[in-house]
Amino acid sequence: MIKTISLRFGTVSSRRHQSSLATCLAVLLILLLSELVNGQAGGHTLFGDIKVDDSQTNDLSPLSLQVLLYSEDRRLLNQQTIPSNGRYRFVDLRDGRYELAVEVDNVEVARVRVIVSAPFKTDFRQDLEFQWRDKSASARAEVVSAADLYNRSNANADLFRRATQASEKKKFVEAILLLRHIVQTDPKDFPAWTELGTMYFIQKNFDEAENGFTEALKRNPDYAVALISLGRVRIVRKNFNGAIDALSQAVRVQPTLPQANYFLGEAYLQAKLGSKAVPFLYEAIKLDPAGMAEAHLRLAALYNARDMKDKAAAEYEAFLKQRPDYADRKKLEQYIAANRK
(Lines give C-alpha, C1' and ligand atoms only; values in the text may rest on other atoms or scores of the structure.)
Protein backbone atom coordinates (compact mmCIF):
# COMPACT_ATOMS: atom_id res chain seq x y z
CA MET A 1 0.00 0.00 0.00
CA ILE A 2 0.97 3.62 -0.21
CA LYS A 3 1.86 5.77 2.73
CA THR A 4 2.34 9.49 2.51
CA ILE A 5 5.71 10.49 3.86
CA SER A 6 5.69 14.17 2.97
CA LEU A 7 3.36 16.82 1.66
CA ARG A 8 5.00 19.92 0.28
CA PHE A 9 3.22 23.08 -0.63
CA GLY A 10 4.33 26.23 -2.36
CA THR A 11 3.31 28.74 -4.99
CA VAL A 12 4.84 29.36 -8.38
CA SER A 13 3.59 32.51 -10.01
CA SER A 14 2.56 33.04 -13.63
CA ARG A 15 2.81 36.34 -15.47
CA ARG A 16 -0.92 36.66 -15.83
CA HIS A 17 -2.41 39.13 -13.37
CA GLN A 18 -5.34 41.30 -12.37
CA SER A 19 -5.28 44.86 -11.04
CA SER A 20 -6.52 44.39 -7.47
CA LEU A 21 -5.59 42.46 -4.36
CA ALA A 22 -7.74 39.74 -2.81
CA THR A 23 -9.52 40.88 0.36
CA CYS A 24 -10.32 37.38 1.48
CA LEU A 25 -8.71 34.10 0.51
CA ALA A 26 -12.03 33.02 -0.90
CA VAL A 27 -13.45 35.76 -3.12
CA LEU A 28 -12.62 39.33 -2.07
CA LEU A 29 -10.33 42.05 -3.40
CA ILE A 30 -8.64 44.90 -1.52
CA LEU A 31 -6.55 47.68 -3.02
CA LEU A 32 -3.11 48.47 -1.69
CA LEU A 33 -4.05 51.53 0.34
CA SER A 34 -6.93 49.79 2.09
CA GLU A 35 -9.46 50.68 -0.60
CA LEU A 36 -12.05 47.97 -0.90
CA VAL A 37 -13.40 46.84 -4.23
CA ASN A 38 -15.68 43.99 -5.15
CA GLY A 39 -14.37 41.16 -7.26
CA GLN A 40 -13.01 37.70 -7.34
CA ALA A 41 -9.68 36.37 -8.48
CA GLY A 42 -9.66 33.38 -10.76
CA GLY A 43 -7.91 31.64 -13.57
CA HIS A 44 -5.42 29.97 -11.22
CA THR A 45 -3.62 26.71 -11.91
CA LEU A 46 -3.04 23.96 -9.36
CA PHE A 47 -0.33 21.48 -10.26
CA GLY A 48 2.25 19.23 -8.70
CA ASP A 49 4.49 16.21 -8.97
CA ILE A 50 3.49 12.90 -7.42
CA LYS A 51 6.54 10.80 -6.63
CA VAL A 52 6.36 7.13 -5.72
CA ASP A 53 9.36 5.57 -3.97
CA ASP A 54 9.40 1.80 -4.50
CA SER A 55 12.90 1.23 -3.13
CA GLN A 56 11.63 -0.62 -0.05
CA THR A 57 9.51 -3.23 -1.74
CA ASN A 58 9.79 -6.10 -4.17
CA ASP A 59 6.39 -5.29 -5.62
CA LEU A 60 5.98 -3.11 -8.64
CA SER A 61 4.84 0.42 -7.96
CA PRO A 62 1.48 1.40 -9.52
CA LEU A 63 1.60 2.19 -13.20
CA SER A 64 -0.93 4.99 -12.90
CA LEU A 65 -2.63 7.15 -10.29
CA GLN A 66 -5.96 8.95 -10.29
CA VAL A 67 -5.85 12.53 -9.03
CA LEU A 68 -9.23 13.98 -8.11
CA LEU A 69 -10.07 17.61 -7.36
CA TYR A 70 -13.00 18.33 -5.06
CA SER A 71 -14.63 21.56 -3.97
CA GLU A 72 -14.74 22.24 -0.24
CA ASP A 73 -18.26 20.81 -0.10
CA ARG A 74 -16.85 17.63 -1.69
CA ARG A 75 -18.23 17.98 -5.18
CA LEU A 76 -15.97 16.29 -7.72
CA LEU A 77 -14.77 19.03 -10.04
CA ASN A 78 -12.19 17.26 -12.16
CA GLN A 79 -9.96 14.22 -12.29
CA GLN A 80 -6.89 13.09 -14.15
CA THR A 81 -5.02 9.85 -14.65
CA ILE A 82 -1.28 10.30 -14.52
CA PRO A 83 1.65 7.90 -14.64
CA SER A 84 3.52 6.99 -11.50
CA ASN A 85 6.01 9.79 -10.78
CA GLY A 86 4.00 12.05 -13.06
CA ARG A 87 2.54 15.56 -12.86
CA TYR A 88 -1.09 16.61 -12.58
CA ARG A 89 -2.49 20.02 -13.54
CA PHE A 90 -5.90 21.61 -12.96
CA VAL A 91 -6.45 24.95 -14.67
CA ASP A 92 -8.79 27.94 -14.50
CA LEU A 93 -9.58 27.63 -10.79
CA ARG A 94 -11.26 30.41 -8.82
CA ASP A 95 -10.10 31.54 -5.40
CA GLY A 96 -11.20 29.02 -2.85
CA ARG A 97 -10.43 25.93 -0.83
CA TYR A 98 -10.16 22.56 -2.51
CA GLU A 99 -9.52 18.95 -1.60
CA LEU A 100 -6.97 17.01 -3.59
CA ALA A 101 -7.29 13.21 -3.46
CA VAL A 102 -5.16 10.44 -4.91
CA GLU A 103 -6.49 6.98 -5.72
CA VAL A 104 -4.83 3.71 -6.69
CA ASP A 105 -7.09 1.02 -8.13
CA ASN A 106 -10.14 3.03 -6.94
CA VAL A 107 -8.82 3.12 -3.36
CA GLU A 108 -8.16 6.55 -1.90
CA VAL A 109 -4.69 6.71 -0.42
CA ALA A 110 -4.34 10.42 0.30
CA ARG A 111 -6.42 13.54 0.68
CA VAL A 112 -5.18 17.02 1.48
CA ARG A 113 -6.75 20.46 1.52
CA VAL A 114 -5.26 23.14 -0.71
CA ILE A 115 -5.89 26.88 -0.47
CA VAL A 116 -5.95 28.50 -3.91
CA SER A 117 -5.98 32.26 -3.58
CA ALA A 118 -3.83 35.13 -4.75
CA PRO A 119 -4.19 38.78 -5.77
CA PHE A 120 -3.42 37.84 -9.37
CA LYS A 121 -3.66 34.76 -11.55
CA THR A 122 -1.14 32.42 -10.04
CA ASP A 123 0.15 28.86 -10.23
CA PHE A 124 -0.11 26.90 -6.97
CA ARG A 125 2.04 23.84 -6.45
CA GLN A 126 1.14 20.88 -4.24
CA ASP A 127 3.66 18.04 -4.44
CA LEU A 128 2.97 14.64 -2.91
CA GLU A 129 5.48 11.93 -2.11
CA PHE A 130 4.54 8.33 -1.39
CA GLN A 131 6.43 5.25 -0.39
CA TRP A 132 5.29 1.92 -1.78
CA ARG A 133 5.60 -0.79 0.85
CA ASP A 134 4.84 -4.47 1.04
CA LYS A 135 1.62 -5.03 2.96
CA SER A 136 -1.06 -7.64 3.07
CA ALA A 137 -3.86 -7.30 0.55
CA SER A 138 -6.32 -6.69 3.38
CA ALA A 139 -4.41 -3.75 4.83
CA ARG A 140 -6.12 -0.40 4.51
CA ALA A 141 -4.47 2.53 2.83
CA GLU A 142 -3.77 5.43 5.11
CA VAL A 143 -5.71 8.55 4.25
CA VAL A 144 -4.15 11.95 4.69
CA SER A 145 -6.56 14.78 5.44
CA ALA A 146 -5.95 18.40 6.25
CA ALA A 147 -6.27 19.42 9.87
CA ASP A 148 -8.93 21.97 8.99
CA LEU A 149 -11.11 19.56 6.98
CA TYR A 150 -14.63 19.75 8.36
CA ASN A 151 -17.13 16.90 8.14
CA ARG A 152 -20.66 18.18 7.72
CA SER A 153 -23.98 16.42 7.88
CA ASN A 154 -25.47 15.60 4.51
CA ALA A 155 -28.04 18.35 4.96
CA ASN A 156 -25.44 21.00 5.77
CA ALA A 157 -23.15 19.80 3.00
CA ASP A 158 -26.00 20.40 0.58
CA LEU A 159 -26.59 23.86 2.05
CA PHE A 160 -22.88 24.68 1.74
CA ARG A 161 -22.90 23.55 -1.89
CA ARG A 162 -25.90 25.77 -2.60
CA ALA A 163 -24.26 28.70 -0.79
CA THR A 164 -21.12 28.26 -2.90
CA GLN A 165 -23.18 28.21 -6.08
CA ALA A 166 -25.07 31.32 -4.97
CA SER A 167 -21.86 33.22 -4.23
CA GLU A 168 -20.44 32.24 -7.61
CA LYS A 169 -23.51 33.83 -9.18
CA LYS A 170 -23.07 36.88 -6.91
CA LYS A 171 -26.31 36.10 -5.09
CA PHE A 172 -24.73 37.08 -1.80
CA VAL A 173 -27.93 37.58 0.21
CA GLU A 174 -29.02 34.05 -0.66
CA ALA A 175 -25.57 32.70 0.24
CA ILE A 176 -25.70 34.48 3.61
CA LEU A 177 -29.08 32.98 4.46
CA LEU A 178 -27.84 29.48 3.65
CA LEU A 179 -24.61 29.90 5.58
CA ARG A 180 -26.39 31.34 8.60
CA HIS A 181 -28.62 28.27 8.66
CA ILE A 182 -25.52 26.06 8.67
CA VAL A 183 -23.84 27.81 11.61
CA GLN A 184 -27.10 27.93 13.55
CA THR A 185 -27.49 24.16 13.30
CA ASP A 186 -23.76 23.49 13.71
CA PRO A 187 -21.89 26.38 15.38
CA LYS A 188 -18.61 24.44 15.18
CA ASP A 189 -18.45 24.68 11.38
CA PHE A 190 -15.53 27.11 11.16
CA PRO A 191 -15.22 27.05 7.33
CA ALA A 192 -18.90 28.04 7.09
CA TRP A 193 -18.32 30.90 9.55
CA THR A 194 -15.38 32.02 7.40
CA GLU A 195 -17.42 31.89 4.23
CA LEU A 196 -20.19 33.83 5.97
CA GLY A 197 -17.68 36.51 6.92
CA THR A 198 -16.55 36.62 3.31
CA MET A 199 -20.08 37.21 2.05
CA TYR A 200 -20.56 40.08 4.50
CA PHE A 201 -17.19 41.51 3.49
CA ILE A 202 -18.29 41.62 -0.14
CA GLN A 203 -21.32 43.63 0.97
CA LYS A 204 -19.06 45.94 3.02
CA ASN A 205 -20.82 44.94 6.22
CA PHE A 206 -17.56 44.94 8.13
CA ASP A 207 -19.08 44.41 11.58
CA GLU A 208 -20.69 41.13 10.53
CA ALA A 209 -17.66 40.16 8.46
CA GLU A 210 -15.35 40.50 11.45
CA ASN A 211 -17.84 38.62 13.60
CA GLY A 212 -17.89 35.73 11.12
CA PHE A 213 -14.10 35.42 11.03
CA THR A 214 -13.90 35.76 14.82
CA GLU A 215 -16.45 32.98 15.31
CA ALA A 216 -14.45 30.76 12.94
CA LEU A 217 -11.31 31.36 14.97
CA LYS A 218 -13.08 30.52 18.24
CA ARG A 219 -13.59 27.03 16.80
CA ASN A 220 -10.19 26.76 15.08
CA PRO A 221 -7.71 29.39 16.33
CA ASP A 222 -5.06 28.39 13.79
CA TYR A 223 -7.26 28.50 10.69
CA ALA A 224 -5.05 30.55 8.38
CA VAL A 225 -7.84 31.49 5.97
CA ALA A 226 -9.84 33.13 8.76
CA LEU A 227 -6.76 34.76 10.29
CA ILE A 228 -5.79 36.45 7.02
CA SER A 229 -9.39 37.43 6.34
CA LEU A 230 -9.72 38.94 9.82
CA GLY A 231 -6.49 40.86 9.33
CA ARG A 232 -7.77 42.31 6.06
CA VAL A 233 -11.06 43.37 7.58
CA ARG A 234 -9.18 45.17 10.32
CA ILE A 235 -6.91 46.91 7.81
CA VAL A 236 -10.00 48.25 6.03
CA ARG A 237 -11.45 49.35 9.37
CA LYS A 238 -8.12 51.01 10.26
CA ASN A 239 -7.67 48.77 13.29
CA PHE A 240 -4.04 48.25 12.39
CA ASN A 241 -2.91 46.84 15.73
CA GLY A 242 -5.71 44.29 15.59
CA ALA A 243 -4.73 43.44 12.01
CA ILE A 244 -1.12 42.94 13.07
CA ASP A 245 -2.22 40.53 15.81
CA ALA A 246 -4.28 38.38 13.43
CA LEU A 247 -1.78 38.41 10.57
CA SER A 248 1.17 37.69 12.87
CA GLN A 249 -0.66 34.56 13.99
CA ALA A 250 -1.31 33.64 10.35
CA VAL A 251 2.41 33.89 9.61
CA ARG A 252 3.22 31.75 12.66
CA VAL A 253 0.69 29.12 11.56
CA GLN A 254 1.67 29.06 7.88
CA PRO A 255 4.88 31.04 7.33
CA THR A 256 5.04 30.06 3.65
CA LEU A 257 1.78 31.77 2.72
CA PRO A 258 2.75 34.84 0.66
CA GLN A 259 -0.60 36.53 1.36
CA ALA A 260 -0.08 36.34 5.12
CA ASN A 261 3.36 37.94 4.82
CA TYR A 262 2.22 40.60 2.37
CA PHE A 263 -0.73 41.78 4.41
CA LEU A 264 1.23 41.70 7.66
CA GLY A 265 3.71 44.00 5.95
CA GLU A 266 0.83 46.18 4.76
CA ALA A 267 -0.60 46.36 8.28
CA TYR A 268 2.77 47.50 9.63
CA LEU A 269 2.99 50.13 6.89
CA GLN A 270 -0.46 51.46 7.73
CA ALA A 271 0.55 51.56 11.41
CA LYS A 272 3.58 53.66 10.36
CA LEU A 273 6.00 50.92 11.38
CA GLY A 274 7.85 50.69 8.10
CA SER A 275 10.97 49.01 9.47
CA LYS A 276 8.84 46.11 10.69
CA ALA A 277 6.99 45.92 7.38
CA VAL A 278 10.09 45.47 5.24
CA PRO A 279 11.05 41.86 6.08
CA PHE A 280 7.50 40.59 5.58
CA LEU A 281 7.12 42.34 2.22
CA TYR A 282 10.40 40.84 1.07
CA GLU A 283 9.33 37.42 2.29
CA ALA A 284 6.10 37.70 0.30
CA ILE A 285 8.14 38.52 -2.80
CA LYS A 286 10.47 35.59 -2.14
CA LEU A 287 7.55 33.18 -1.80
CA ASP A 288 5.68 34.44 -4.86
CA PRO A 289 7.75 36.84 -6.98
CA ALA A 290 5.14 37.58 -9.65
CA GLY A 291 1.96 37.25 -7.61
CA MET A 292 3.30 39.59 -4.91
CA ALA A 293 5.08 42.00 -7.26
CA GLU A 294 3.05 44.90 -5.85
CA ALA A 295 5.11 44.54 -2.67
CA HIS A 296 7.93 46.17 -4.66
CA LEU A 297 5.70 49.24 -5.10
CA ARG A 298 4.99 49.40 -1.38
CA LEU A 299 8.70 49.12 -0.60
CA ALA A 300 9.54 51.75 -3.22
CA ALA A 301 7.03 54.17 -1.73
CA LEU A 302 8.53 53.60 1.73
CA TYR A 303 12.10 54.14 0.52
CA ASN A 304 11.12 57.23 -1.47
CA ALA A 305 9.44 58.76 1.60
CA ARG A 306 12.67 58.20 3.52
CA ASP A 307 14.73 59.81 0.74
CA MET A 308 16.37 56.49 -0.13
CA LYS A 309 15.71 57.04 -3.81
CA ASP A 310 18.32 54.59 -5.07
CA LYS A 311 16.60 51.78 -3.18
CA ALA A 312 13.21 52.95 -4.41
CA ALA A 313 14.54 52.87 -7.98
CA ALA A 314 15.75 49.31 -7.47
CA GLU A 315 12.31 48.25 -6.25
CA TYR A 316 10.61 49.89 -9.22
CA GLU A 317 13.03 48.12 -11.54
CA ALA A 318 12.30 44.76 -9.88
CA PHE A 319 8.58 45.45 -10.18
CA LEU A 320 8.79 46.16 -13.91
CA LYS A 321 10.59 42.86 -14.48
CA GLN A 322 7.46 41.14 -13.18
CA ARG A 323 4.98 43.61 -14.67
CA PRO A 324 6.45 44.70 -18.03
CA ASP A 325 3.02 45.85 -19.25
CA TYR A 326 2.39 48.14 -16.26
CA ALA A 327 0.26 51.12 -17.32
CA ASP A 328 2.60 53.75 -15.81
CA ARG A 329 5.78 52.04 -16.93
CA LYS A 330 7.23 55.20 -18.47
CA LYS A 331 6.89 57.15 -15.22
CA LEU A 332 8.67 54.43 -13.30
CA GLU A 333 11.41 54.24 -15.93
CA GLN A 334 11.95 57.99 -15.65
CA TYR A 335 12.25 57.66 -11.86
CA ILE A 336 14.69 54.77 -12.23
CA ALA A 337 16.84 56.68 -14.72
CA ALA A 338 16.98 59.73 -12.46
CA ASN A 339 17.79 57.89 -9.24
CA ARG A 340 19.62 54.68 -10.06
CA LYS A 341 23.17 54.57 -8.75
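Tutor: A residue is called buried if its relative accessible area is under 20%. Please bear in mind that the model is predicted.

Student: Why is Tyr 262 called buried?

Tutor: The relative accessible area of Tyr 262 is 1%, and the cut-off is under 20%; Tyr 262 is therefore buried.

Student: Why is the pair of Tyr 262 and Phe 263 called edge-to-face?

Tutor: Two rings pair if their centres lie within 6.5 Å, and planes over 60 degrees apart count as edge-to-face. The ring centres of Tyr 262 and Phe 263 are 5.0 Å apart and the planes stand at 85°, so the pair is edge-to-face.

Student: How do you know that the span of helix α7 agrees with expectation?

Tutor: Helix α7 covers residues 258-270, which is 13 residues. At 1.5 Å a residue the helix should span 18 Å, and the C-alpha atoms at its ends are 18 Å apart, so the two values agree.

Student: What makes α7 largely enclosed by the rest of the structure?

Tutor: Of its 13 residues, 13 are buried, so the helix is largely enclosed. Glu 266 lies in α7, and at 2% relative accessibility Glu 266 counts as buried.

Student: What makes the approach of Glu 266 to Arg 298 a polar contact?

Tutor: The limit for such a pair of N or O atoms is 3.5 Å. The side chains of Glu 266 and Arg 298 make their polar contact at 2.8 Å.

Student: How do you know that Arg 152 lies over the face of Phe 160?

Tutor: The distance criterion is within 6 Å of the ring centre, with a further condition of within 35 degrees of the ring normal. Arg 152 is at 3.9 Å from the ring centre of Phe 160 and lies over its face. Arg 89 likewise lies over the face of Phe 47, at 4.9 Å from the ring centre.

Conventions
Residues are numbered from 1 along each chain as its sequence is written. This is a predicted model: local features need pLDDT of at least 70, side-chain atom pairs count only at pLDDT 80 or more; totals for chains, interfaces and linings use all residues. Side-chain values use heavy atoms; hydrogens and water are left out. Helices (H or I, at least four residues) and strands (E, at least two) are DSSP runs, numbered from the N terminus. The expected span of a helix is 1.5 Å times one less than its number of residues. Buried means under 20% relative accessible area, exposed over 50%, partly exposed in between (1.4 Å probe, protein chains only). A polar contact is a pair of N or O atoms within 3.5 Å; within protein, one must be able to donate a hydrogen and the other to accept it, and residues adjacent in sequence count only if both atoms are side-chain atoms. Rings of Phe, Tyr and Trp (its six-membered ring) pair if their centres lie within 6.5 Å; planes under 30 degrees apart count as stacked, over 60 as edge-to-face and the rest as tilted.
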